[in-house]
Amino acid sequence: MTHKTSTTQRSDRLFQEALRLMPGGVNSPVRAFKGVGGTPRFFQSAQGARMVDADGNDLLDYVGSWGVMLLGHNHPSIREAVAEALAAGTSFGAPGAGEVDIARRVIELVPGIEVVRMVNSGTEATMSAIRLARAATGRPTIIKFRGGYHGHGDAFLVEAGSGAATLGVPSSPGVPDDLAAHTLVAEYNDLASVEALFDGAPDRVGGVIVEPVSGNMGCVPPVPGFLEGLRALCDRHGAVLIFDEVMTGFRVAAGGAQARYGVTPDLTTLGKVIGGGLPVGAYGGREDLMRMIAPDGPVYQAGTLSGNPLAVAAGSAALAYIQDHPGLYDDLEALGARLGQGLLSITAELDIPAVWNQAGAMGSLFFSSEPVTDWASVSSSETDRFSGFFHGMLDRGVYLPPSAYEAWFWSAAHDDHDIETTLAAARAALKDTQAHA
Ligand code: PLP
């Protein structure tokens, strides 16, 4: 292609070697580019809004380490906090002051969290939260939503959104049928579908877990009344409402989706931004529920590296930045709106049907002429066009998530000039998708 200026020889060579050594050559499936075809880029460094690949190509990044990098890559305040912690030792396996600091900040920021437990990933957080919901209610069944992803715990690998949807395997072998039978699947933004599941399993539903802004089928915000309705249904049926804010926490507002939409869950799961780029997850919520966790109570959950001093130092630095910058989310929202408006005016000009969905610092462009509000409308969008668009953008130096089912993430390090660069690339890449249609 004439616009392709970059060489990718080193990435290509690394990938060939990686393929021999690791499943799909990667440590997490979506990185293998199966959703868009082609060879994944390998990266050597990242700074601010940009990442440099193994061949030295400088790319404007909208993956943000899958939503982690709210402040941008390699932010000085996080780097300094980690360096300071590193000098003091890498792991104690015993309590440290950093854990108290991050717990205090999480509780200050997230309205529904009165008591919190740190873990190492979002997956750990969600697995632990449903164990707690089941223990608290004495009921085995949980309700999740089609296209919702809550990590790779057995109970969640049912109609599981992005990674699984991209691979065309909505659920995974290895999950026992008996266990999957305890997971019921409702439609996102459709309260009647949730009510029907409650009615069909009287006194068996212990919890409802939802991404309050769905991010794993692309960005799909809640319609007005949906989250409020879930709150009311859980109250009526005595079930625990869990907001999985691994993606939305500290991204759609300082206090997450629960602050943005004013609905308080019983339990909240966190990941991504909370670790500032190091592996951290957390779950927390109502004090009476959280006091059931060991060693206060009988619900067992533990972790050798949980509350690791380097990880919590990075996370605390990220949260401190958020607490110190009250205008941050308005700026992120406005930047995304400029990106979305720009993309929509280009697609309108080129007569390409498109929808832009956004909440805070996450958003998605769907090639669709209908509003995108649930899994059915996501799947009926033109996902084939996305692959061509993705590669056209990559060739022009803009790194989008390599799947039509993933949200785009921008950061405090992205600026208006980056948006202009992105829109210029998008105009050319979209024109190409028309030429090849
Ligand atoms: N929950 C949500 C909403 C997520 O988006 C993810 C990961 O993308 C997870 C849970 C799992 O988190 P992790 O990949 O840290 O295990």
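**Entry 1**

I started at Asn 74, which sits in the loop between α2 (64–67) and α3 (76–87); helices here are DSSP runs of H or I with at least four residues, strands are runs of E with at least two, and both are numbered from the N terminus. This is a predicted model, where local features need pLDDT of at least 70 and side-chain atom pairs count only at pLDDT 80 or more, while totals for chains, interfaces and linings use all residues. I number residues from 1 along each chain as its sequence is written, and side-chain values use heavy atoms, with hydrogens and water left out.

I looked up Asn 74 for its phi, which is near 55 degrees, a positive value in a residue other than glycine. Most residues other than glycine have a negative phi, and most peptide bonds are trans. Asn 74 counts as partly exposed because its relative accessibility is 33% (buried is under 20% relative accessible area, exposed over 50%, partly exposed in between, with a 1.4 Å probe and protein chains only).

Phe 250 also has a positive phi, about 60 degrees, without being a glycine. I find Phe 250 in the loop between β8 (240–244) and α10 (256–261). Buried or exposed, at 1% relative accessibility? Phe 250 counts as buried.

I also noted a cis peptide bond between Ala 294 and Pro 295, with omega about 5 degrees. Pro 295 is in the loop between α11 (287–290) and α12.

**Entry 2: the cores**

I went on to the nonpolar cores, meaning sets of buried Ala, Val, Leu, Ile, Met, Phe, Trp, Tyr and Cys residues joined through side-chain atoms within 4.5 Å. Which members of the largest core touch the most other members? Of its 70 residues, these are Phe 250, Ile 274, Phe 389 and Trp 408. Helix α12 (residues 309–324) gives the largest share of this core, 10 residues. A separate core has 27 residues, including Phe 145, Met 217, Leu 241 and Tyr 405.

Back to Phe 250: I listed its contacts (heavy atoms within 4.5 Å), leaving aside neighbours within four places in sequence. Among them are Leu 70, Leu 109, Val 110, Ile 274, Leu 319 and Tyr 329.

**Entry 3: aromatic pairs**

I counted ring pairs next, and there are 14. The rule takes rings of Phe, Tyr and Trp (its six-membered ring) with centres within 6.5 Å; planes under 30 degrees apart are stacked, over 60 edge-to-face, and the rest tilted. Trp 356 and Trp 410 are stacked, at 6.0 Å centre to centre with 25 degrees between the planes. This pair links distant parts of the chain, 54 residues apart: Trp 356 is in strand β11 (residues 355–359), and Trp 410 is in the loop between β14 (408–409) and α16. Both Trp 356 and Trp 410 are buried.

Why is the pair of Phe 386 and Phe 389 edge-to-face? Their planes are at 75 degrees, with the ring centres 6.3 Å apart, so the pair falls in that class. Phe 386 and Phe 389 are separated by about one helical turn, because they are 3 residues apart in helix α15 (residues 383–395). Phe 386 is buried at 4% relative accessibility, and Phe 389 is buried at 0%.

Arg 385 lies over the face of Phe 367, 5.8 Å from the ring centre (the test wants NZ of Lys or CZ of Arg within 6 Å of the centre and within 35 degrees of the ring normal).

**Entry 4: the four-stranded sheet**

Last, I traced an open sheet of 4 strands, in the order β1-β2-β3-β13 with mixed pairing; strands pair if DSSP finds at least two bridges between them.

- β1 and β2 are antiparallel over 4 bridges, and Ser 45 has Val 52 in β2 as its bridge partner.
- The β1 and β2 hairpin has 2 residues between the strands, and Gly 48 in the turn has a positive phi of about 60 degrees.
- β2 and β3 run antiparallel with 3 bridges, and Met 51 stands opposite Leu 59 in β3.
- β3 (residues 58–61) and β13 run parallel, joined by 2 bridges, and Leu 60 stands opposite Val 398.

I see helix α16 (residues 416–435) lying across β2 (50–53), β3 and β13, at about 100 degrees to β3 (axes are lines fitted to C-alpha atoms, for helices over the stretch in contact, with angles from 0 to 180 degrees between N-to-C directions). On β2, Met 51 and Asp 53 make up the covered face, and Arg 50 and Val 52 the uncovered one.
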